[in-house]
Amino acid sequence: MLDTNQIKNIIPHREPFLFIDKILNIDNKCVVALKKVKKDESYFKGHFPDKKIMPGVIIMEAMAQAAAVLILSQIPHQERKNQLFVFNKIVQASFKQPVNPGDELKLTVELIKLISKGAFVSAKAEVKERIVATAELLFGRISR
Amino acid sequence: MIKDKELREKIRQLIAESMHIKIEKITEGVSITQELGVDSLDIIQMLAAVEKQYHIEIPEEELPNMENLEGVIKVVKRYSEKKKQATES
């Protein structure tokens, strides 16, 4: 298991744009990450003032960050600093159920293919074992 | 033993579906990357689709050999044969 500090050793994302808290499991092909959705997340102020719903794009960003942990953890530490993985394509995404304050989001990301130019992953997000979102994402690797 | 005609049609279908291209456009000689609007990263989706269909793993070094239909067919045949030989030995 990896905590927030260990995650920060692998990926460059920082507050207020870090959307995963812990890594439960990780191997070469798959990562499982957790995010506790707090009542005072900054985006809830505007989304929406009278009904707090976690934006779908932030769920997708959390999936992307879990994917980044999966991919970057396979690259030697000294080389990690030289590259970034950025969104290249949202191949598909669906948002099935709203995610609310207090929910614990479980993100499972599988690496379909990794090449020097980028990576293709499939991801799902669950709350209490119910799928709330799925996506297939393509990332491009860029040099810093 | 994969029949050539079936293989060709299946691969055309996989390319069409994974790259969202009309299947009629995928013919001999047409360059997937130059003429059909597929960039060098998008093509990873096509690679993943054929790997999944034929239960093979294709190294990225083969990507330059997979820029048209004939190329994809040749690479799929080669890696399917390698896999068959590996499991038989």
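How much accessible surface does chain B have, and what part of it belongs to carbon and sulfur atoms? In this predicted model, the accessible surface of chain B comes to about 5300 Å², and 50% of that belongs to carbon and sulfur atoms.

Read from the N terminus, the order is α-β-β-α-α-β-β-β-β. The radius of gyration of chain A is 15 Å, close to the 15 Å that the globule rule gives for 144 residues, so chain A is as compact as a globular protein of that length. Its C-alpha trace spans about 45 × 30 × 25 Å along the principal axes. Of the 144 residues in chain A, 46% are buried. Looking at contacts in chain A between residues at least 6 apart in sequence, 61% of them join residues at least 24 apart. As for charge, chain A carries 23 positive and 15 negative side chains, with the centres of the two sets 3 Å apart.

Chain B is built from helices, with four of them and zero strands, in the pattern α-α-α-α. Here the radius of gyration is 13 Å, close to the 12 Å that the globule rule gives for 89 residues, so chain B too is as compact as a globular protein of its length. The C-alpha trace of chain B spans about 40 × 25 × 20 Å along its principal axes, and 46% of the 89 residues count as buried. Among contacts in chain B between residues at least 6 apart in sequence, 52% link residues at least 24 apart. Chain B has 14 positive and 18 negative charges, and their mean positions are 6 Å apart.

The loop between helix 1 (4-8) and strand 1 (22-26) of chain A holds a couple of details worth a look. A:I11 sits in this loop and, at 2% relative accessibility, counts as buried. Leaving out residues up to four places away in sequence, A:I11 touches A:L18, A:I20, A:Q65, A:A68, A:V69 and A:L72. With A:V69 the separation along the chain is 58 residues, yet the two C-alpha atoms are 6.1 Å apart. A:P16 belongs to the loop between helix 1 and strand 1 as well, and the peptide bond joining A:E15 and A:P16 is cis, with omega about 0 degrees.

Another cis peptide bond runs from A:H47 to A:F48, with omega near -5 degrees. A:F48 lies in the loop between strand 2 (30-36) and helix 2 (56-72) of chain A. Further along, A:K128 is placed in the loop between strand 5 (118-127) and strand 6 (130-143). A:K128 is not a glycine, but its phi is positive, near 50 degrees; the residue is exposed, with a relative accessible area of 75%. Most residues other than glycine have a negative phi, and most peptide bonds are trans.

In chain B, helix 3 (residues 43-54) should span 16 Å for its twelve residues at 1.5 Å a residue, and the 17 Å between its end C-alpha atoms agrees. Ten of the twelve residues are buried, so helix 3 of chain B is largely enclosed by the rest of the structure. Among the buried ones are B:I43, B:M46, B:L47, B:V50 and B:Y54, and B:Q45 and B:E51 are buried too. Just after this helix, B:H55 takes a positive phi of about 50 degrees. B:H20 likewise has a positive phi, about 55 degrees, without being a glycine. B:H20 is found in the loop between helix 1 and helix 2 of chain B and is exposed, with a relative accessible area of 66%.

Helix 4 of chain B has 20 residues, which should span 28 Å at 1.5 Å a residue; the end C-alpha atoms are 29 Å apart, which agrees. Its buried residues include B:L69, B:V72, B:I73, B:V76 and B:Y79, and the cover over the buried set includes helix 1 (4-19), helix 2 (32-35) and helix 3 of chain B. In the loop between helix 3 and helix 4 (69-88) of chain B comes B:E62, a buried residue with a relative accessible area of 8%. Setting aside neighbours within four places in sequence, B:E62 is in contact with B:V75, B:R78 and B:Y79.

Terms used:
Residues are numbered from 1 along each chain as its sequence is written. Chains are lettered from A and ligands numbered from 1 in the order in which they are written. This is a predicted model: local features need pLDDT of at least 70, side-chain atom pairs count only at pLDDT 80 or more; totals for chains, interfaces and linings use all residues. Side-chain values use heavy atoms; hydrogens and water are left out. Helices (H or I, at least four residues) and strands (E, at least two) are DSSP runs, numbered from the N terminus. The radius of gyration is taken over C-alpha atoms; the globule rule is 2.2 Å times the number of residues to the power 0.38. Buried means under 20% relative accessible area, exposed over 50%, partly exposed in between (1.4 Å probe, protein chains only). Contact means heavy atoms within 4.5 Å. Lys and Arg count as positive and Asp and Glu as negative; His and the chain ends are not counted. The place of a charge is taken as NZ of Lys, CZ of Arg, CG of Asp or CD of Glu. The expected span of a helix is 1.5 Å times one less than its number of residues. Accessible areas come from the Shrake-Rupley method with a 1.4 Å probe; for residues, only the protein chains shown count as cover.
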